[in-house]
Amino acid sequence: MLNVKSIMSRALVVATPDDSVATAMQRLAARDVGAVLVVCEGRVCGILSERDVLRRVVARGREPDDTRVGDVATSNPVAVRAEASIKECTELIRGHGFRHLPVVDAKGRPVGIVSSRDLLDFVVRGLERYIDRQRGEPRSEERVDPYETFSSAAEDPAGPAARPPVSL
């Protein structure tokens, strides 16, 4: 069974609650990602996305240089373990309307992040492989299980799991 580890990005951008929003967003922009994990004593204690900054900082006329990450980040975000199934991850993202889901180890330390885009890329690669296989197989009884195709898509080295971790 496929798990979150196979699609998560290890290219993390982190901030502390005391960092300014401007500093956190500069890190986010430099890495071209959509969310910053807020870390307290080595554990995920929050998440701050581009959307959060637009709604909680910009739209309210707050100054990013004068606003602390801890004042506007989502506290205690829902997170998953790397061993969680992709189905569980998908249900959390869809059910809660998340765009980013932190991935943590048993002690709550960040090990990755899964975005809705990572999930979409995974599904699209799997569907493309499935379609390619079907075009080469004329009889329907010879067709493969479409979910098996998704497992080969997760092994694509160009996917998010191939990105190296970043430490700040």
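Author: Contact means heavy atoms within 4.5 Å. The model shown is predicted, so local features need pLDDT of at least 70 and side-chain atom pairs count only at pLDDT 80 or more, while totals for chains, interfaces and linings use all residues. Residues are numbered from 1 along each chain as its sequence is written, and side-chain values use heavy atoms, with hydrogens and water left out.

Reader: With which residues is serine 115 in contact, leaving aside its neighbours within four places in sequence?

Author: Those partners are Ile93, Arg99 and His100. Serine 115 itself belongs to strand β7; helices (H or I, at least four residues) and strands (E, at least two) are DSSP runs, numbered from the N terminus.

Reader: Is serine 115 buried or exposed?

Author: Buried means under 20% relative accessible area, exposed over 50%, and partly exposed in between (1.4 Å probe, protein chains only). Serine 115 has a relative accessible area of 14%, so this residue is buried. Glutamate 41, in the loop between β2 (35-40) and β3, counts as exposed because its relative accessibility is 83%. Of the 168 residues of the chain, 40% count as buried.

Reader: How is a pocket to be read, and which residues lie nearest the centre of the largest pocket?

Author: On a 1 Å grid over the protein atoms alone, a cavity is a set of points where a 1.4 Å probe fits but cannot get out; a pocket is an open set with protein on both sides within 12 Å along at least five of seven lines, and lining residues have an atom within 4 Å of a point. In this model 28 residues line the largest pocket, and Gly34, Ala35, Arg99, His100 and Ser115 lie nearest its centre. Elements giving two or more residues to that lining include β7 (110-115) and α5 (116-135).

Reader: Which cysteines does the disulfide join?

Author: A disulfide is a pair of cysteine sulfur atoms within 2.5 Å. The structure holds one, which links cysteine 40 with cysteine 45 at an S to S distance of 2.0 Å. The torsion about this S-S bond is about 60°, so the disulfide is right-handed. Cysteine 40 is partly exposed, at 28% relative accessible area, whereas cysteine 45 counts as buried at 18%.

Reader: How far apart in space are glutamate 41 and arginine 109?

Author: Their C-alpha atoms are 9.1 Å apart, although the two residues are 68 residues apart in sequence.
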